[in-house]
Amino acid sequence: MQDLSLLQSFELSEILSEEPDRCRLTLLGTLPSSGNTSTSEGHPLRAIIRIEKNAFASEHAASLFKDLIHKAKVMESTDIYTWLSGWTSSKASELKQPHGDVKINVICPATDVHVRKYTKQEIILVQETPELYRRIVEPYIASFPPERTRWVTEILAGRAEQGKVLYSSSAYIILPDMKWDLHTTSSLYLVAIARDHTLRSLRDLRGDEHLDLLKSIRQEAYRIVGDKWGIGRGGLRMWIHYQPSYYHFHVHIVNVNYELPGMGMAVGQAHLLEDVIALLAFNSNVYEVMTLTYGLGQQHGLYKPMKTVQGEIDEISPSQR
């Protein structure tokens with residue numbers, strides 16, 4: 001192997017794998033033979049090339065948007081969130097890469113909650129009994145001002161992101177999540193948001209009230225991705241976070257082959273929609289009476305109070321959990 005000139009002669013046959021979360025492509029194709037072996041005799045040789053973007057150098061963070069990002073274009077915007085497509089090289093023209101080669105999310109104004117969420121942190125597992133939910137978690141949820149989820153209210157009221165809405169009913173809407181670049185099907189990411197503002201989290205679900213809602217979300221999600229992107233049954237992973245990033249009930253809808261980094265799909269954090277439906281069908285009040293175990297980062301607002309009371313769990317009999 002020599003230099004870029006040899007790579008430029010690579011002839012692509014097939015994309016073996018695409019890993020958007022790692023910014024990596026694995027390609028199958030051919031490279032010209034050097035003619036120095038008795039078997040090649042100048043014939044193209046089959047080659048696999050893996051190409052991956054390097055991590056951004058933190059030491060250059062101060063000048064990132066002055067020196068590295070050549071151009072940026074706003075794709076969507078709300079009162080808090082803005083996401084842009086960016087180009088890191090003048091050679092990477094919009095014609096060749098119309099969707100950019102980097103995606104930039106801006107949160108402004110950023111609250112302390114946002115800062116804590118995106119700060120690298122250690123994780124602990126906590127057990128939340130129904131009693132601890134009522135004593136600690138429910139007051140924590142109630143403490144958030146309406147402005148915290150105003151961007152959700154604006155979408156549901158029809159004043160924001162209406163061009164992106166894929167489905168709308170009296171009970172919920174489905175639209176692309178802001179984490180998706182809107183064109184890479186392998187990392188497809190949608191979200192279903194309930195219209196009922198009193199439905200805040202997994203704890204509020206009741207089988208006799210919400211099974212039809214959850215089943216409808218599952219049905220419409222598959223219909224939409226089947227019609228628009230050709231993804232069939234079994235091709236989606238749908239889940240509900242607990243604790244969620246915001247306390248207005250929503251369901252994550254993702255290509256089943258897409259693996260999210262961090263805690264996004266971790267055991268305890270993500271509850272599969274199929275399992276939630278099955279549990280609620282078995283016991284309508286299951287999420288009111290069961291103990292939930294999940295991860296909390298040390299920057300989370302619930303970290304200190306929940307960590308402090310974990311010793312109480314050992315004193316509670318299994319029948320009380």
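**Reading burial, pairs and a kink**

Tutor: Glu-288 has a relative accessibility of 37% and therefore counts as partly exposed, a class lying between buried (under 20% relative accessible area) and exposed (over 50%), computed with a 1.4 Å probe on protein chains only. The model is a predicted one, in which local features need pLDDT of at least 70 and side-chain atom pairs count only at pLDDT 80 or more, whereas totals for chains, interfaces and linings use all residues. Residues are numbered from 1 along each chain as its sequence is written, and side-chain values use heavy atoms, with hydrogens and water left out.

Student: Which side chain meets Glu-288 in a salt bridge?

Tutor: Side chains of opposite charge can pair when their charged atoms come close. Here the partner is Arg-206, at 3.8 Å from N to O, the rule being a side-chain nitrogen of Lys or Arg within 4 Å of a carboxyl oxygen of Asp or Glu. This pair joins distant parts of the chain, since Arg-206 is in the loop between strand E10 (189–194) and helix H6 (207–229), while Glu-288 is in helix H8, 82 residues apart; helices (H or I, at least four residues) and strands (E, at least two) are DSSP runs numbered from the N terminus. Arg-206 is buried, because its relative accessible area is 15%.

Student: How many salt bridges does the rule give, and which residue pairs with Arg-218?

Tutor: The count comes to eleven. Arg-218 pairs with Glu-274, the closest N and O atoms being 2.6 Å apart. That bridge also links distant parts of the chain, from Arg-218 in helix H6 to Glu-274 in helix H7 (residues 273–282), 56 residues apart. Arg-218 is buried, with a relative accessible area of 16%, and Glu-274 is partly exposed at 40%. In the bridge of Glu-161 and Lys-164 (3.3 Å, N to O), both residues are buried.

Student: How many aromatic pairs are found in the whole structure?

Tutor: A pair of aromatic rings is described by the distance of the centres and the angle of the planes. The search finds eight such pairs, taking rings of Phe, Tyr and Trp (its six-membered ring) with centres within 6.5 Å, and calling planes under 30 degrees apart stacked, over 60 edge-to-face and the rest tilted. One of them is Trp-151 with Tyr-246, whose centres are 5.0 Å apart and whose planes stand at 70°, so the pair is edge-to-face. Trp-151 lies in helix H5 (residues 150–156) and Tyr-246 in the loop between strand E11 (236–241) and strand E12 (250–255), so the pair ties together parts 95 residues apart in sequence. Trp-151 is buried at 12% relative accessibility, and Tyr-246 is buried at 9%.

Student: Where in helix H4 does the kink lie?

Tutor: A kink of about 35° is at Ile-136 in H4 (residues 130–142), shortly before Pro-139; the bend is the angle between axes fitted to the seven residues ending at a residue and the seven starting there. Ile-136 is among the buried residues of H4, which include Leu-132, Tyr-133 and Val-137.

Student: What covers those buried residues of H4?

Tutor: The cover includes strand E7 (123–128), strand E14 (292–297) and helix H9. Met-306, placed in H9 (residues 303–308), is buried at 0% relative accessibility. Beyond its neighbours within four places in sequence, Met-306 has contacts (heavy atoms within 4.5 Å) that include Leu-132, Ile-136 and Val-137.
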